[in-house]
Amino acid sequence: MPNIARTRIGWLGPSLPTSSHLRKIERIVPANVELVHEQLVLHDGVLNDVQGKLDAIVSRAVELTHKHRWDGLIFPGAPREVLNPGLFAGFSSALKIPVATALRASAAALSTFSAKRILLLTPFDESLNKLICSFLADFAIAAAPASETLRHYTDALGMTPEDVVAYARRAITEHRDVDAIYFQGAVLDPMECLETMESELKIPVVASNPAMIWYMLSKLGLKNQTSGYGKLLETWPALPNA
């Protein structure tokens, strides 16, 4: 039987390929797609140190795209996106393949639910959350960050799915008027409890990692409707026109 070529998608993230949240991503990738993980470290524990790295990011993306012959590129990490203005334009100019970034893909996902006001849950500090809110405002999405923040973003690594649900439950009591919840920052990992939150809180929940998979596969003309990981992947809406 002849070998059938698999679509190759690059995942150029800050985490090691062995990270638990990356292993979970493989569950929502179809068999005809190969996800190729490459690590790009831009800071040493201080997230704001990723600022001003636009040229280095784009250059590395181009290099790896040519090396691996990627059909698409996923670039996770909201801090890397908001602290390097012009990142998506840089990718679009230098690469001839579709690119999914964390915030742009998530904004598209939120738009499919007609979400105009959302609750933003992240492991980041107030300054980064403000930048994320400003980014989303350009997509006509008003984001309200939770008042409860973590001491350090790595504290989220110790949170269980039950802890994540409880965090969302506490946060939404302050923001009853939102149309959706948006989790940004993979260390605050909601993958195991997306359905639980949507069922209990009666509201769509978008997480950046599943959103990037949905966005990229859709850009490539592919589809992988999957149950167990929230309404976005279960219903697999078309990409917004804008």
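Analyst: Let's start with a word you'll need: a residue is buried when its relative accessible area is under 20%, exposed when over 50%, and partly exposed in between, using a 1.4 Å probe and protein chains only. What you're looking at is a predicted model, where local features need pLDDT of at least 70, side-chain atom pairs count only at pLDDT 80 or more, and totals for chains, interfaces and linings use all residues. Residues are numbered from 1 along each chain as its sequence is written, and side-chain values use heavy atoms, leaving out hydrogens and water.

User: OK, is Q184 buried or exposed?

Analyst: Q184 counts as buried, because its relative accessibility is 2%. You'll find Q184 in the loop between β7 (180–183) and α8 (194–201). Those labels are DSSP runs numbered from the N terminus: helices are H or I with at least four residues, strands are E with at least two.

User: Which residues does Q184 touch?

Analyst: Contact means heavy atoms within 4.5 Å. Leaving aside residues up to four places away in sequence, Q184 touches several, including A78, L103, F124 and S208.

User: And which side chain makes a polar contact with the side chain of Q184?

Analyst: A polar contact is a pair of N or O atoms within 3.5 Å; within protein, one must be able to donate a hydrogen and the other to accept it, and residues adjacent in sequence count only if both atoms are side-chain atoms. Here the partner is the side chain of Y182, at 2.5 Å.

User: What is the order of the strands in the open sheet?

Analyst: Two strands pair if DSSP finds at least two bridges between them. The order is β2-β1-β3-β4, with parallel pairing. β2 (33–39) and β4 (99–101) are the edge strands, each pairing on one side only.
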